[in-house]
Amino acid sequence: MSEQQMIHLIIKRQDGPDGQPYHEEFKIPYRPNMNIISALMEIQRNPVNAAGKTVSPVIWESNCLEEVCGACSMVINGRPRQACTALIDKLEQPIRVEPMGTFPVVRDLSIDRGRMFDALKKVKAWVPIDGTYDLGPGPKLPETERQWRYELSKCMTCGVCLEACPNVNSKSNFIGPFAVGQVNLFNTHPTGAMNKEERLEALISDGGLQECGNSQNCVQACPKGIPLTTAIANMNREATKFMFKKWLSF
Amino acid sequence: MSSQRSFFNRRIHSLLGVIPVGFFLLEHFYTNYKANESAQSFIDGVEWLWGIPFLLVLEIFFIFLPLMYHGIYGLYIAFQAKPNTNQFGTFRNYMFVLQRITGVITLIFVVWHVWDTRIRVVGLSEHSLDVAKNMAIEQALRLQSPVFLTIFIIGIIAAVFHFCNGMWSFLVSWGITVGPRAQKVSTYVWMVAFVLISFVGIKAALAFNDPSFIDEVQKITAAQH
């Protein structure tokens, strides 16, 4: 056997929400089929940096480990993506791992994606069905519509589209491409469509749909392959119709 | 409910970029291209335009104010973006950045160009027919210099790029080209338009660069006196 192969990681760390960010290097023993999460777990077991100093272990968030929960999003070698599907064998070393800077950093790689949930509340991304009596089954959905909605429904609120978008930053109040896709999803639901104008009103309020600059990075970056730019153009069309309808109806 | 002001501002910005600003760009190239035919043809074109009634009102409300709105609000939009082409080196992301860069170049060029040709030469007073010849000569003399010719060509290419790529995003922003295929076809259509319109614009500038143009204008002036 040859000598133990090592994985070289450069991690951008921060000790707390107000802490100064700094970079720390780690060299950890290679095992086959590792991903970024298992590399971080290795650091957790033996929190010694490349200089041989024992440090506090690196903090991160993860849940499902199969790219469906969106919790472990981080910037790996410059690309925002999920750490669980970032396989060490497929990454160029040294591997640079950073938190997604679009969001407030809680500590190290753990970020607060709360703004995304605020955005979903703002655009009312749900179907209100509660009543005082049984409303019966909803209308049926055409198969083509179902397929389209299925694509949109894959959003896991991971935040990668916000990190990729040049118009989501500290100077802008854009709520992000994902929220546009969610309005499209709920406005094409036969029952959800009953409230579609409420969602459109919210979507074209400040920080909404109009902030899109068509760089189309979101559709490139989305780990779930959601047709976000098609959803954006769809909602642009709806917003155009809505705008004229509103003007001419008063 | 929060305000929808930014939505309306963005839509007005988008619309004004096409009508009247984009339309004016095309008309401007069309008139200037006549200089290739003959100096007389160009001067006739200018004089026809100056014969339009209520010209100053039209210029202020259909060119100057929309252009200023589009330019100033555009600067606000451009400087709000945080370009990331090093992370995402895709075609559309480069177009996004170029749209903002060419917008700024075009605004600087147009402000100088309006001052240089319209305000400095003609002033805000009534147009007179002699002024058309003066302006033609002044611009032709200016374009003899390779430095000014280069500045004009950069300005023309930036303006045409901004117009054509802007038309692409106009079609997306108003929900006309929705799907990826439609947007791709639109990309090709506007690429061809970019080449053709740039050709017309540059060819017009080169007509003024031709020394024989000055002789022709002087001959017309001499014939009248």
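**View 1. The largest nonpolar core of the predicted model holds 67 residues.** A:F178, A:L203, A:L209 and B:W190 touch the most other members of this core. A nonpolar core is a set of buried Ala, Val, Leu, Ile, Met, Phe, Trp, Tyr and Cys residues joined through side-chain atoms within 4.5 Å; buried means under 20% relative accessible area with a 1.4 Å probe, protein chains only. Helix α6 (residues 146-173) of chain B gives the largest share, ten residues. At least three residues come from each of domain 1 (6-111) and domain 2 (114-249) of chain A, with bounds taken from an automatic or database domain assignment.

**View 2. A second, separate core has 25 residues.** A:I7, A:I88, A:L91 and A:I95 are among them.

**View 3. Surroundings of A:L209.** Leaving aside residues up to four places away in sequence, A:L209 touches A:V180, A:L203, A:I204, A:I232, A:M235, A:N236 and A:A239 (contact: heavy atoms within 4.5 Å).

**View 4. An open sheet of five strands in chain A has the order β2-β1-β5-β3-β4.** Its pairing is mixed. Strands are DSSP runs (E, at least two residues) and helices likewise (H or I, at least four), numbered from the N terminus; two strands pair if DSSP finds at least two bridges between them. The edge strands, β2 (22-29) and β4 (79-82), each pair on one side only.

**View 5. Strands β1 (residues 6-13) and β5 (residues 95-98) of chain A pair in the parallel sense.** Three bridges join this pair. A:I10 has A:R96 in β5(A) as its bridge partner.

Residues are numbered from 1 along each chain as its sequence is written, and chains are lettered from A and ligands numbered from 1 in the order in which they are written. In this predicted model local features need pLDDT of at least 70 and side-chain atom pairs count only at pLDDT 80 or more, while totals for chains, interfaces and linings use all residues; side-chain values use heavy atoms, without hydrogens and water.

Notes. Buried means under 20% relative accessible area, exposed over 50%, partly exposed in between (1.4 Å probe, protein chains only).
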